[in-house]
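Subject: Structure handover

Hello,

Here is the structure I promised to pass on. Please open it alongside this note.

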Amino acid sequence: MAENHETNDQATAVAVDLNTRVSLLEKDNMILRELLWLRHGCSIINLYGDDGEMQCNKCGIDFKRDKPESIKQRFYDLNKPAIIEYLKRTGQAG
Ligand SMILES: [Zn+2]
């Protein structure tokens, strides 16, 4: 029985640790999304940020909700020369 307790305690500790790590990754993700929203190349007058939103009225990207692949594709579609050049140089162009 003591062994089962130990196993359950270990499983609980792993789950708590995993939840903590996921929570930290989610916070990091939102910080990086905010920085990308603020510095993605459009003028700050195009940015909408009320109530925690992170949208750009010029390029139509929702930096809070759009998936990274969608944002990448939108940058590509908008012909952002520096980003496309970087993606080609690093072999990430899709
Ligand atoms: Zn924009």
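Below is what I found, from the overall fold down to single residues.

Bear in mind that this is a predicted model.

Overall fold

The protein has 3 helices and 2 strands. Along the sequence they run α-β-β-α-α. The radius of gyration is 20 Å, whereas the globule rule gives 12 Å for 94 residues, so the protein is more spread out than a compact globule. Along the principal axes, the C-alpha atoms fill a box of roughly 65 × 35 × 15 Å.

Now the contacts. Take those in the protein with a separation of 6 or more: 15% of them join residues 24 or more positions apart.

The strands and their loop

Start with Tyr-48, which sits in strand β1. Leaving out residues up to four places away in sequence, Tyr-48 touches Glu-53, Gln-55 and Asn-57. Is Tyr-48 buried or exposed? It has 12 C-beta neighbours inside 10 Å, and the exposed class takes 12 or fewer, so Tyr-48 counts as exposed. Ile-31 is 17 residues from Tyr-48 along the chain, and their C-alpha atoms are separated by 16 Å.

β1 covers residues 47-48 and β2 covers 55-56, with Asp-51 in the loop between them. Check the backbone of Asp-51. Its phi is near 55°, a positive value in a residue other than glycine. Asp-51 has 5 C-beta neighbours inside 10 Å and therefore counts as exposed.

Helix α3

Next, the helix at residues 81-89. How many of the 9 residues of α3 are buried? The number is 0, so helix α3 lies largely in the open.

Ala-82 belongs to this helix. Ala-82 counts as exposed because it has 9 C-beta neighbours inside 10 Å. Gly-49 lies 33 residues from Ala-82 along the chain, and 25 Å separates their C-alpha atoms. After α3 comes Gly-91, with a positive phi near 75°.

Where to look

Then turn to Tyr-48 and its contacts with Glu-53, Gln-55 and Asn-57.

Best wishes

Key. Residues are numbered from 1 along each chain as its sequence is written. This is a predicted model: local features need pLDDT of at least 70, side-chain atom pairs count only at pLDDT 80 or more; totals for chains, interfaces and linings use all residues. Helices (H or I, at least four residues) and strands (E, at least two) are DSSP runs, numbered from the N terminus. The radius of gyration is taken over C-alpha atoms; the globule rule is 2.2 Å times the number of residues to the power 0.38. Two residues are in contact if their C-beta atoms, placed from the backbone, lie within 7 Å. A residue is buried if 20 or more other C-beta atoms lie within 10 Å of its own, exposed if 12 or fewer, and partly exposed in between; C-beta atoms are placed from the backbone.
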